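Have a look at it first.

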Amino acid sequence: MPTYTVEVNGETFDIDAPNDDAVRAAVRQLQGQQPAAAAAPQPLSATPQPEKSTLEKVKGNINSFGQGIVDMVGMGYADEIGAGIDYAGSHVLPWRDAKTYDQALADTRGEQEQAYEEHPAANIAGKVTGALWGASRLAKAGLSPTANAIKNEVGLGRVTAASSKEGAILGTISGFGNGEDGFVNRLANSGVGLALGAGIGAVAPAAIAGGTQLVKSAAAPLIAPFAPNGYVRDALATALRRAGMTPEQVETNMRAAAADGQDMFNVADAMGYTGERLMSTSTRVPHDNRQPLAEALMARQAGQGERLANNLAEGFDTFDTAGRRIADRTTQRTAEANELYPAARANAGPVNVTPVLDEIDRTIRPGVNQMVNPRDRIANDSIEGALTRVRSMLSDGNSQVTDFDTLFRAKLDLDDMIQRAEAQGAGNRAHYLSRVQGLVDQALADASEGYVGARDAFARASRRIDAVDAGSAASRISRRAQDTIPEFEAMPPGEQVDFRAGYIDPLIARLEGASSSPTTNKARMLQTPKFEAELPAFAAPGRGEQLTDRIAREQTMFRTANAALGNSKTADNLADAADMNQFDPAVIGRLVRGDPIGAITTGLSKMLGTVTGQPPSVVERLSRVLMETNPDVALDVLRAGTQQLSRNDQLRARLVSALVESGAAGMPRLTAP
C-alpha cells in the first residue's frame, strides 16, 4: 500500500492508503470534518512527519524536475505510460503486491501532483526543459512547421500561420492525452487543446519577435558603445537577407569587378539597392567616419569620366583619336602609292582612251560632232561643261592621249572634280563623272599590269579612311542601331578596326567634356537602348561583355554615391541638428509655459528615439565595412554576420516552438462532472 505525505494544520503526516479517495477521507478525519469510521474503508495510520533533511529535499527537487520533463515530453500520456509500467511491474516482480491498472493510474497521477505541490519551482523548470528539448528534437527532425518557416526566412504572417498550425496539432494530441473518464471526455479535451494550442501558436511568434527586438533595442545604448561588432554583424546579415544575397555572392561580385580593373567596387555596391540604403544612413548619421566616408565617395565619383573613357578605349582596342587615325591612314596610303604607282608607270604601254571619249560624246553630243555642225548657241550645263573639260584633257579633236602618265594625271584631276561635286551637293554631275572615271581607270589597267595592284591597294587604304568617318557618323544619336550594326558587320575586319576608332572618339570626347561633379552620372549616357545594343556589337573581339559589365558597375557606383550624397539635404541637416542639440530646448520651453506633462512627453520621445536607434559607434563600423573593397575581408565579415543571424533564427525557432509545445502540452485535464 502506498504512503502519502500530507500537511494538516501546520503538521506533516504520512498516510498509508490504497487510493486518492482514502487519502482525502483521512485528511477530513484529521481536520475533524467527518467521523473516522466513514473516512476510509481501510485502517489508516497518521503520524507527524519530521522535518526533511537537505539530502531528501535535493532528492525531492530532482524527482520533481524529472517529473516535469516527463510530463511535458509525454504530452499528457506520461501518466498512462507510467501506470502501464507500474501495473506490469506489480504483476511481474515477485516482491511487489499486484494492483489493477486503475490503482496504478491513480498512484502515478498522485505522484505527479505530489511532485508539483512539494517542489513547484523544480517541476516548472523541468517542464520548461522538456519543452525546449522537445522543440529542439522536432526542429532537428524537420517536423516543426514553425522552425521550418523561420529557417526558410518567410515573413511573420507565414510563421504565425505555421506556429498556429503546430499549436493546434500538439494541443489536440495533448488534450486527448490529458482527458479522463472515457472517450467522450478525451474528445472534448482534445477540442479544448486544439483551440488553446492554435491560440498560443498564433500569439507566440509576434511575442517572441517583439520581446527580442525590445530587449535588443533597450540594450543597444548600453552594450553597443563597448561591443559594437555584434550589432554590425547583425545589421549586415539582415541587409543580406533583405537583398536576397549570400556572402559568397557579394564576394563573387567584388572579385569580378577587381578582375575588370574596378577594384574600387565595394561591399555596398555589391549589395545593390540595400547597400545604397545602408550607405545613405551611414553618411547621414553623425559619427567619426562620416567625413572620410563622404570624401571617399566624392573622390571616386569624380574619376568616373576618366575611368569610363579608359574602359571604352580598352573595350574598342583604340587609343588614338579619329583625326589621328585618318592622318596616319592617309600617310600610309600616300607612302604605299608613291611606291606602287611609279613602278606601274614605268612598265606601262600606250593607253586607249577611245572608250572614254565615246562615253563622253554619248552625253554631250549624241550622234553628231558639234565642232563640225554646231547645234545652237545655247550654253552648256554644268554636267556638259564638266564632261567637256575632261574630254579636252584626253583629245584635241584630231588626236588622242596615248601616254600613260598623261592619262594618270588626268585621272587624278578627274578624282578631284568628283570630290568637289560631291562636296557641293552636285550629285548628278558626280554621277556622270564617276562613269567616266571607271573607264579611265580601266584604260590605265589595260595598259599596265602593275597599275591594278597599285589601284586596289589605294582603294583599300581609302576605304579604311572612309571607315573612320563611317564610325563617327554611326555614333550620332540620329543613327539607329538597326542600321549601324548591319553596316559594321558587312565590313572586312580591317575596316572594322578603323570604324571603331571613328565611333568611340566622339563618345570619349563627351565623357571628358562632362562635368566632374559627384552628382553627374556619366555612365547614364552610355546606357541608352542605342548604345546598349551598339557597344557590345562594335567592341573588339572578346571585349563586349566586359565593357558592358564595367559600364553597369559605374552606374551602380554612382547610385551608391548619389544615395549617400545626393537628393535633399534635409535629412543631413536634421541629423546635424540632433547631434549638436543633445538636449531639446522644447523641454525647457514647455516647463516655462507651465506644461510639465508636455515637457516629460517631449523628453521621453527624444530619449526613446535615442534608445531605439543604433549608436554612432555601430554606424561608424558599419560604414567601414560598406566601403571595404577587399573580397576576402568582406567575405569573412559577412559570413560572421550570417552565422550569427542563423544562430539567432535557430534560437528564435526553438523558443517559439517551445512556447507552443509547452502551452499545448501543459493544458489541464478536464474531468467528467
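## The chain as a whole

Of the 673 residues in the protein chain, 41% are buried, where buried means under 20% relative accessible area, exposed over 50% and partly exposed in between, using a 1.4 Å probe and protein chains only. What you're looking at is a predicted model, so local features need pLDDT of at least 70 and side-chain atom pairs pLDDT 80 or more, while totals for chains, interfaces and linings use all residues. Residues are numbered from 1 along each chain as its sequence is written, and side-chain values use heavy atoms, with hydrogens and water left out.

The protein chain has 30 helices and three strands; these are DSSP runs numbered from the N terminus, helices being H or I with at least four residues and strands E with at least two. Take contacts (heavy atoms within 4.5 Å) between residues at least 6 apart in sequence: 73% of them join residues at least 24 apart.

## Packed inside

A nonpolar core is a set of buried Ala, Val, Leu, Ile, Met, Phe, Trp, Tyr and Cys residues joined through side-chain atoms within 4.5 Å. The largest one has 33 residues, and Val-390, Leu-407, Leu-433, Val-436, Leu-444 and Tyr-451 touch the most other members. Elements giving two or more residues to this core are α16, α17 (354–364), α18 (382–394), α19 (404–424), α20 (427–447) and α21.

Leaving aside neighbours within four places in sequence, Val-436 is in contact with residues including Val-356, Ile-360, Leu-387 and Leu-414. Apart from this core lies another, of 29 residues, among them Tyr-231 and Phe-265.

## Rings that meet

The whole structure holds eleven aromatic pairs. Rings of Phe, Tyr and Trp (its six-membered ring) pair if their centres lie within 6.5 Å; planes under 30 degrees apart count as stacked, over 60 as edge-to-face and the rest as tilted. Tyr-341 and Tyr-451 make a tilted pair, because their planes are at 50 degrees, with ring centres 5.8 Å apart. Tyr-341 sits in helix α16 (residues 322–346) and Tyr-451 in helix α21 (residues 449–474), so the pair ties together parts 110 residues apart in sequence. Both Tyr-341 and Tyr-451 are buried.

Phe-488 and Phe-538 are both buried too. Ring pairs also link Phe-316, Phe-488, Phe-499, Tyr-503 and Phe-538 into a cluster.

## Out on a loop

Where is Leu-93? Leu-93 is in the loop between α4 (78–92) and α5 (101–118), and it's partly exposed, with a relative accessible area of 31%.
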